[in-house]
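Here is a short briefing to read alongside the structure. Have the chain open in your viewer and follow the topics in order.

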Amino acid sequence: MAALDGTRSRETALAARYRAPSALDRVPSVVMANRTLNLTDDLVAYVHRFGVREHPVLARLRDETMQLPEHNMQIGADQGAFMGLLVQVSGATRVLEIGTFTGYSSTAMALALPPGGRMVCCDVSREWTDIARRAWTDSGVAEMVELRLAPATETLGAIDDDSMDLAFIDADKPSYDAYYEGCLRVVRPGGLILIDNVLWSGEVADPSAEGDNVRAIRALNEKIAADERVDHVILPIGDGLTIARRRVRVG
C-alpha cells in the first residue's frame, strides 16, 4: 500500500482510525499470527546466533557432517536445541532414537539427560555411527548411549513395553508407520514421540508429488491426525517435526 499523504489521505486515515470495528478487524493478521515466517538465510543465521547455545562438540560435528554427500540428513542446530529442551521439560530419563546418522540429534538429547539417563540409538551404518561415537565421547555422554546396529524393527521388538520416555524417529521413510507403532508400544503413557521430515520439503501438500517417501509420510500424517491414542502437533521446524504425546488412559 502506498504511504498516506495530503489532506484526503489524512482524512481517510483518521476515519479508519476512529470508525467502529468491523468483522474484518477481528481476523488475525496473516503475517503475524497464523503462519510461520519465510526464513531467509540471514534470519536463520540470526536464530542460530541468538536462539541456540550450541555445544562446541555439536558445532564441530555439524561442520564435519557438512562435508558428507548426505549432509542434508542432519538436523539443524535450532531443532537440536529444541529437542534437547523437550528432553529437559518432559523429565525424560530414557530416550530411544531410530536413525542416528552422524549423531547430532542423539548428542543434543543425551547432553540434556539428567545423571543416570540412558539412550538407545538404532542404526544400520557403522560408517556414520563411528562419527557419532566420537561425538558422544568428546561431549562426555558416551556412557549414557547404547548403539544397536541392526534394523530398527528388530531392536524395537526387543524393548519392553512402556520403558521409554521419549522416542525420535528419523530413518527410512517407508518404514515410518512400523516405527510409529513400535514407539507407541515402548513409549510410556504421557511420553513423547518425535517424527522428523514430516513436511518432506513441502511435497506432502503437492498432489503431483509422488514416490515411496512422500506417500509414506503423507499416510502417517493423516493417520496420526485421526489417531485417538495420541495428542499431536506438526511444527514447521527444519523439514517438519511431529510431536505426539501418548495419551494416558483414565479408568
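**Briefing: aromatic pairs and cores**

Phe 101 and Trp 128 are both buried. Please keep in mind that this is a predicted model. Its chain holds nine helices and seven strands, and 40% of the 251 residues count as buried.

**Aromatic pairs**

- A pair of aromatic rings is described by how far apart the centres are and by the angle of the planes.
- With centres required to lie within 6.5 Å, the count comes to two aromatic pairs.
- The rings of Tyr 46 and Phe 50 have centres 4.8 Å apart and planes at 50°, so this pair is tilted.
- Both Tyr 46 and Phe 50 sit in helix α2 (residues 41-50), where they are four residues apart, about one turn of the helix.
- Phe 50 is exposed, and its relative accessible area is 53%.
- Phe 101 and Trp 128 make an edge-to-face pair, at 4.9 Å centre to centre and with 85° between the planes.
- Phe 101 belongs to the loop between β1 (94-98) and α5 (104-112), while Trp 128 belongs to helix α6 (residues 126-139), so the pair ties together parts that are 27 residues apart in sequence.

**Helix α5**

- The buried residues of α5 are Tyr 104, Ser 105, Ser 106, Thr 107, Ala 108, Met 109, Ala 110 and Ala 112.

**Nonpolar cores**

- The largest nonpolar core has 34 residues, and those that touch the most other members are Met 109, Met 119, Val 145, Leu 166 and Leu 194.
- To this core α5 gives the most, with five residues.
- Leaving aside residues up to four places away in sequence, Met 119 touches Val 95, Glu 97, Ser 106, Met 109, Ala 110, Leu 113, Met 144, Val 145 and Glu 146.
- Another core lies apart from the largest one; it has 28 residues, including Leu 96, Ile 193, Ile 195 and Val 204.

**Whole-chain numbers**

- Of the contacts in the chain between residues at least 6 apart in sequence, 69% join residues at least 24 apart.
- The chain has an accessible surface of about 14,400 Å², and 54% of that surface belongs to carbon and sulfur atoms.

Key. Residues numbered from 1 in each chain as written. Predicted model: local features only at pLDDT ≥ 70, side-chain atom pairs only at ≥ 80, totals over all residues. Heavy atoms only, no water. Phe/Tyr/Trp six-rings, centres within 6.5 Å; stacked < 30°, edge-to-face > 60°. Helix = DSSP H or I, 4+ residues; strand = E, 2+ residues; numbered from the N terminus. Buried < 20%, exposed > 50% of the residue type's maximum accessible area, 1.4 Å probe, protein only. Contact = heavy atoms within 4.5 Å. Areas by Shrake-Rupley, 256 points an atom, 1.4 Å probe, with all protein chains shown as cover. Core = buried A, V, L, I, M, F, W, Y, C linked by side-chain atoms within 4.5 Å.
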